[in-house]
Amino acid sequence: MINDTTAGCDLLVVSPHPDDAEIGLGGMLAALSARGRRVWALELTRGELGTNSDPEERWSEASAAADVLGLTGRVQLALPDGFIDANDQAQAAALVAVIRRLRPAWLITAPEPTRHPDHQATPALAARAVFLARLSTWRPDLPPLRLHGVSALPDPVDRWETGTVAQVCTEDGRPSFLFDVTGHWERKLAALDCYRSQLRRDDGRRATVINDPAFLQRIDDRARRWGRQAGVGCAEAFTTLQVPVLDDLPAGPWR
Ligand SMILES: [Zn+2]
């Protein structure tokens, strides 16, 4: 039995940059936190290559967003922005060390893989770390990091098996499951509003894809489109690496 201790974390979201988690699945994070789930966000980098702002401002924005969503904690590593690499041993080690301390039942990577190389590399790095976290023969040290919501991480276990691994579904992908966020959409928007340096074009900020007002509109449109497919107001979509296994007929309908 690998998981012989109580999981310290129901869901760990692994993203390359501050704001990715909120953009990809802020509604789900708000919904789960409201139910008392222990939800953590982890950024691999400080977002130092961002067109606008600097790592300190981005960290304060991410901390504020974590409070809006009611997250249990937020972890920010200091891997190199722009150079996330699933084949880099030090990067895998950093993530394994945190997984062994947080002991997530679920791990979801965000955002969807896009043209940004870090967004493409993050699911592969997370998959490698999830695998390596099971091997007690490799015991990497905790890397430099900063924390919000807690003063320290728990002691590590020798090995940890994350139960389910998923990622945010691409815009035109086929979801493995949809998550109803109808009652939590306003809180997601409030969390996104914390990222003024990234998602607002005011104050003389340089124009980017994500501070174009059309970007937030696209997020909203997409959630309502997934929602229509699910028969609810708004939904977020995910793909899983594993196929769900049933041993009975589910109680509710699949829409
Ligand atoms: Zn990003």
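Predicted model: local features only at pLDDT ≥ 70, side-chain atom pairs only at ≥ 80, totals over all residues.
Mentor: Residues are numbered from 1 along each chain as its sequence is written, and side-chain values use heavy atoms, with hydrogens and water left out.

Trainee: Why is Pro 143 called buried?

Mentor: Buried means under 20% relative accessible area, exposed over 50%, and partly exposed in between (1.4 Å probe, protein chains only). Pro 143 has 17%, so Pro 143 is buried.

Trainee: Which residues does Pro 143 touch?

Mentor: Leaving out residues up to four places away in sequence, Pro 143 touches Leu 77, Ala 94 and Ala 97; contact means heavy atoms within 4.5 Å. The C-alpha atoms of Pro 143 and Ala 94 are separated by 5.4 Å, though the two are 49 residues apart along the chain.

Trainee: How do you know that Cys 169 is in no disulfide?

Mentor: A disulfide is a pair of cysteine sulfur atoms within 2.5 Å. For Cys 169 the nearest cysteine sulfur, that of Cys 234, is 16 Å away. Cys 194 is in no disulfide either, with the sulfur of Cys 234 nearest at 19 Å. The structure holds 0 disulfides.

Trainee: What makes Cys 169 count as buried?

Mentor: Its relative accessibility is 2%, so Cys 169 counts as buried.

Trainee: Why is Cys 194 called buried?

Mentor: Cys 194 is buried because its relative accessible area is 17%.
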